[in-house]
Amino acid sequence: MKSCVLAGPYAGVEAIYMDLTRQLDLPSHFGANLDALWDALTRNVEGPIEISWPEFSRHRRRLGIAADRLLTTLQDVAAERPDVRVVIGRPND
């Protein structure tokens, strides 16, 4: 299983794309935008995959709607692929 924990700190959404690229070994042609993320995760990365974002609330306060859009894309990928799991927050949040 490929595992990715989005822990930050992140200065911007670009840093999250870099972290996703590093942890999930996204292809070299990954374009660091929502469409490219969708394509990479639905076509180029073998599963199973678990993406955890334990501090989403904190990152959302800093990144605003960009964090929401990224989360929506990750959740859409998980809805498309049964071998992808997205975990938001900590177990007791």
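Buried residues, meaning those under 20% relative accessible area with a 1.4 Å probe and protein chains only, make up 39% of the 93 residues in this chain. What you're looking at is a predicted model, where local features need pLDDT of at least 70, side-chain atom pairs count only at pLDDT 80 or more, and totals for chains, interfaces and linings use all residues. Residues are numbered from 1 along each chain as its sequence is written, and side-chain values use heavy atoms, leaving out hydrogens and water.

**Layout**
- There are four helices and three strands here, picked out as DSSP runs (H or I of at least four residues for helices, E of at least two for strands) and numbered from the N terminus.
- Starting at the N terminus, the order is β-α-α-β-α-α-β.

**Overall shape**
- The C-alpha atoms fill a box of roughly 30 × 30 × 20 Å along the principal axes.
- Of the contacts (heavy atoms within 4.5 Å) between residues at least 6 apart in sequence, 59% join residues at least 24 apart.

**Charge**
- The chain carries 11 positive and 13 negative side chains, with Lys and Arg taken as positive, Asp and Glu as negative, and His and the chain ends not counted.
- The centres of those two sets sit 6 Å apart, placing each charge at NZ of Lys, CZ of Arg, CG of Asp or CD of Glu.

**A look at Asp19**
- You'll find Asp19 in helix α1, which covers residues 13-24.
- Asp19 counts as buried because its relative accessibility is 11%.
- Leaving aside residues up to four places away in sequence, Asp19 touches Val5, Leu6, Ala7 and Tyr10.

Terms used. Buried < 20%, exposed > 50% of the residue type's maximum accessible area, 1.4 Å probe, protein only.
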